[in-house]
Amino acid sequence: MKTEQAVNQAFEKGDEAVHRPHVSDARLVEEVRGGDRDAFRDLVLRYEKKLYRVIHRFVHNDALAEDLVQETFIRIYENLDQFDVSRRFGPWLFQVGVNLTLDYLRKKKRRGTTSLFSEISSEKSLDPGAEDPREKQDVNEEVRRVLQEIPEKYRTVLVLRDLEHFTSAEVAAIMKRKEATIRWRLAEARNRFKELWTERMKEANESPVEKDGE
Amino acid sequence: MSCHCAKNRNRLALLVDRDSVEELPEDIRRILANCPTCREHYELLCAAMNSLHQVQCEEAARLEKSLWPQLAHRLPEPHVQGLRYPEWKRKFVPLFSVTTACLALLIVFVGNRPTQNENRVYQTAINRGTSYSPLQYPTSFNVQDTSSHIPYSIQPYTEPFSQGDYPGVKSDFPDALEAQLRELLRQQKLRQGIE
Ligand SMILES: [Zn+2]
């Protein structure tokens with residue numbers, strides 16, 4: 001069931017663009033603290049792709065995800081003095097990024113502009129002209145919709161663990177919760193997703209008759 | 001047979017990402033083989049998670065260009081906040097320490113300077129063997145109390161250095177106090193038959 005991508009290291013860093021891959025994060029953090037801006041560039045290159053992908057999972061908007069990634073790195077830069085280098089840099093970065101994203105979405109939800117988690121256009125997935133409602137795009141939309149119906153604390157675990165393949169320990173570090181709590185939430189999230197997904201599939205199997213009649 | 005289907009739900013959910021049923025623990029395999037409810041739940045879980053993983057593969061967004069060029073402009077000025085302070089400390093703290101030590105020595109020296117008039121009634125705390133901080137030199141006195149303990153209440157010295165005096169040593173007694181002291185001195189001399 002696991003894809004090749006799934007086996008990748010969760011805190012996988014960038015790619016060929018990464019400078020000085022042999023230098024540890026802790027060392028780079030120390031260098032930035034010493035006033036070396038290039039060391040911070042190395043940290044950005046190391047993590048920006050993964051961070052962008054994770055944030056994009058929540059906002060589904062390229063420009064917004066880019067803004068949030070930048071904002072995350074700015075926060076990190078500003079608070080680097082307080083970072084304990086004996087701890088891992090990755091979980092801290094993703095913790096800041098995920099919290100910033102969820103805060104943004106919560107505020108947006110409070111203002112009533114959109115539902116939490118995504119900016120799905122409603123007309124897209126309910127396209128009556130689509131020949132096969134299970135076309136890839138539709139499946140993706142459906143999955144997103146179902147995810148949206150799951151409460152945030154479960155959904156976040158599901159995204160980080162099942163979509164981005166962080167380990168339970170890493171999700172625990174990102175969400176500042178005990179690993180046991182994360183495992184419990186993951187089980188709950190998967191069960192809720194399963195219930196909702198099964199319901200959707202049943203509805204989809206029953207609806208083609210209706211569609212044909214239209 | 002009896003099966004705790006509700007209890008098994010969470011366990012099954014945590015085992016759903018195993019690649020095959022063979023990888024499941026023995027007791028779970030037995031449950032799946034014997035309980036249709038648990039089996040159905042597990043199969044539907046697998047189907048749902050498959051759809052989720054499909055999205056994971058197809059929908060993963062890619063950052064085409066590095067954000068560093070934009071980010072570099074938005075970062076606050078070179079991260080020297082943490083640097084500036086230690087450097088400042090390194091340069092100036094020794095200088096301040098030496099100056100403070102010199103001042104303290106000067107104050108102690110002045111405080112201990114032997115008085116020419118041995119008949120002085122008032123004494124410094126140092127003369128009486130009472131320790132005090134030079135920065136807490138008393139400014140108010142209680143003359144009535146001439147017993148062995150400290151003859152005045154100690155109040156922190158908060159005023160700047162007084163003009164024409166050594167730093168930290170305060171000599172501007174209130175007029176009434178000075179008059180009282182003169183009177184005491186006069187009476188003492190009278191008793192000794194000097195006058
Ligand atoms: Zn059962």
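Biologist: In this predicted model, is A:Asn191 buried or exposed?

Modeller: Buried means under 20% relative accessible area. A:Asn191 has 1%, so A:Asn191 counts as buried.

Biologist: Where is A:Asn191 found?

Modeller: In helix H10 of chain A, which covers residues 179–206.

Biologist: Which residues does A:Asn191 touch, leaving out those up to four places away in sequence?

Modeller: B:Arg9, B:Asn10, B:Ala13, B:His41 and B:Leu45. The side chain of A:Asn191 makes a polar contact with the side chain of B:His41 at 2.9 Å. The A:Asn191 side chain also reaches the backbone oxygen of B:Arg9, at 3.5 Å.

Biologist: Now the surface. Which residues make the nonpolar patch of about 290 Å²?

Modeller: B:Leu103, B:Leu106 and B:Phe109 make that patch. Here is the general idea. An α-helix has 3.6 residues a turn, so residues three or four places apart point the same way. In this structure, B:Leu103 lies in helix H5 of chain B, residues 81–112.

Biologist: How is the exposure of B:Leu103 classed?

Modeller: Partly exposed, at 36% relative accessible area. Patch members need over 30%, so B:Leu103 passes that cut-off.

Biologist: Where does helix H3 of chain A bend?

Modeller: At A:Tyr47, by about 45 degrees; the helix spans residues 37–59. H3(A) is mostly covered, with 20 of its 23 residues buried.

Biologist: What is found at the start of H3(A), and what comes just after the helix?

Modeller: At the start, a side-chain oxygen of A:Asp36 comes to within 2.9 Å of the backbone nitrogen of A:Asp38. Just after the helix, A:His60 takes a positive phi of about 50 degrees.

Key. Residues numbered from 1 in each chain as written. Chains lettered and ligands numbered in written order. Predicted model: local features only at pLDDT ≥ 70, side-chain atom pairs only at ≥ 80, totals over all residues. Heavy atoms only, no water. Bend = angle between axes of the 7 residues up to and from the residue. Helix = DSSP H or I, 4+ residues; strand = E, 2+ residues; numbered from the N terminus. Buried < 20%, exposed > 50% of the residue type's maximum accessible area, 1.4 Å probe, protein only. Polar contact = N/O pair within 3.5 Å; in protein donor to acceptor, adjacent residues only side chain to side chain. Patch = residues over 30% accessible without salt bridge, like charges linked within 9 Å, V, L, I, M, F, W, Y side chains within 5 Å. Areas by Shrake-Rupley, 256 points an atom, 1.4 Å probe, with all protein chains shown as cover. Salt bridge = Lys/Arg side-chain N within 4 Å of Asp/Glu carboxyl O. Contact = heavy atoms within 4.5 Å.
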